[in-house]
Amino acid sequence: MKIVVTGASGLIGTALVPYLRKQGHEVARLVRTRKVAADAIYWDPDNGELNPHDLSGFDTIIHLAGANVAEGRWTEKRKRLILESRVYGLRTLTEAIRGCAEKPTTLISASATGFYGDRGDDFLDETSESGTGFLAEVCREWEGGLREVESTGLRTASLRLGIVLSSNGGALGKMLPAFKCGAGGRLGSGKQWMSWISKEDLLRVINHVIVEHSIHGPVNAVAPQPVTNEEFTKTLARVLKRPAVLPVPAFMLRLLFGQMADEALLASARVKPQVVQASGFSFTHERLEHALQSVLS
């Protein structure tokens with residue numbers, strides 16, 4: 001298939017592009033600089049610039065672009081950037097698709113398990129309602145934009161991403177220095193549920209959604225066995241063969257990170273990947289310890 005990817009320079013995108021090529025797909029990247037490589041297509045989502053001709057003939061668009069949620073405190077300016085970077089990007093893609101002579105058939109967009117908000121011990125699947133808070137609002141707006149894409153005749157899917165396990169960045173990458181020094185510990189009470197997925201399995205899920213045309217709508221991109229933060233902490237420490245005896249109190253997290261602490265670090269989301277499992281997908285890493293051993297080997 002011919003596939004175009006936005007956000008190709010991010011944590012997921014840098015791994016996804018070569019992975020898809022190994023699967024036999026032809027892949028191009030949407031980039032914000034004028035064409036610098038044969039596989040690069042210029043766009044400026046902030047100003048709605050994308051030539052419809054450049055998307056014509058592609059089968060699938062994978063939309064990963066968006067400002068980093070965990071970069072810096074959530075000031076009003078930062079929150080506006082997080083939301084608008086997602087809404088404007090999808091809007092630009094939609095307008096370009098409308099003008100295509102030969103439209104793509106599928107658009108797969110990133111979203112997040114933040115859609116569900118802080119839900120305690122509740123089991124959550126793709127049919128569960130959205131929660132409250134800023135992250136839930138961002139996810140609703142992001143996924144809501146797909147309705148405009150659907151009106152052009154495309155199949156759409158929104159990947160509600162959990163914590164992506166990678167030693168190169170993301171949440172795990174930020175945890176590793178402290179844990180390797182034996183200075184890691186649970187966050188707050190440690191009772192909040194963490195829904196995670198290995199980077200390897202995430203790439204496989206994305207490819208599965210591309211080729212499995214019966215899949216549409218929300219897709220929980222998480223492993224089938226979520227864990228509490230306390231269990232995550234103990235497992236990571238065990239894999240690294242280090243102690244984890246320095247918990248970080250909730251009040252300290254709120255002091256350091258403000259609103260982001262409650263929604264990204266202390267919120268609980270016990271999410272199940274019902275859609276992909278029902279469509280026959282099998283995870284390589286179902287257990288956290290196995291996943292961490294693979295990622296950190």
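**Close-up views of helix packing and selected residues**

**View 1. Helices α8 and α12 cross in a right-handed sense.** This view, like those that follow, is drawn from a predicted model. The axes of α8 and α12 come within 10 Å and cross at roughly 45°. The two helices, α8 and α12, are therefore oblique to each other. On the α8 side, the residues in contact are F232, T235, L236, R238, V239 and L240, and α12 contributes L288, E289, L292, Q293 and L296. Sorted by class, this contact of α8 with α12 has seven nonpolar, two polar and two charged residues.

**View 2. Helix α12 spans residues 288-296 and has four named buried positions: L288, A291, L292 and V295.** These residues lie on the same side of α12, because they cover an arc of only 95° around the axis. Helix α8 (229-240) is among the elements that cover the buried residues of α12, as is helix α6 (170-180). The cover also includes the strands β8 (163-165), β10 (196-198) and β12 (227-228).

**View 3. Helix α3 (residues 76-98) packs with helix α4 (residues 134-144).** The angle between α3 and α4 is about 15°, and their axes are 9 Å apart. Angles under 35 degrees count as roughly parallel, so α3 is roughly parallel to α4. The crossing of α3 and α4 is right-handed. From α3, the contact is made by K79, I82, L83, R86, V87 and L90; from α4, by F134, E137, V138, E141 and W142. By class, the contact of α3 with α4 has seven nonpolar and four charged residues, and no polar ones.

**View 4. L93 is a residue of helix α3.** L93 counts as buried because its relative accessibility is 0%. Leaving out residues up to four places away in sequence, L93 touches T6, L30, W43, L50, L55, I61, H63 and L107. E286 is 193 residues from L93 along the chain, and the C-alpha atoms of L93 and E286 are separated by 34 Å.

**View 5. Helix α1 covers residues 13-22.** The buried residues of α1 are G13, A15, L16, V17, Y19 and L20. What covers these buried residues of α1 includes strands β1 (2-6), β2 (26-31) and β4 (60-63), together with helix α7 (199-211). G24, which comes just after α1, takes a positive phi of about 100°.

**View 6. L265 belongs to helix α10, which runs over residues 259-265.** L265 counts as partly exposed because its relative accessibility is 26%. Setting aside neighbours within four places in sequence, L265 is in contact with L187, Q192, L253, F257 and M260. Along the chain, L265 and R21 are 244 residues apart. The C-alpha atoms of L265 and R21 are separated by 35 Å.

Methods. Residues numbered from 1 in each chain as written. Predicted model: local features only at pLDDT ≥ 70, side-chain atom pairs only at ≥ 80, totals over all residues. Heavy atoms only, no water. Buried < 20%, exposed > 50% of the residue type's maximum accessible area, 1.4 Å probe, protein only. Arc of directions from axis to C-beta. Contact = heavy atoms within 4.5 Å. Axes fitted to C-alpha atoms, helices over the stretch in contact; angles between N-to-C directions. Parallel < 35°, antiparallel > 145°, perpendicular 65-115°, else oblique. Left-handed = near helix turned anticlockwise from the far one by under 90°. Nonpolar A, V, L, I, M, F, W, Y, C, P; charged D, E, K, R; others polar.
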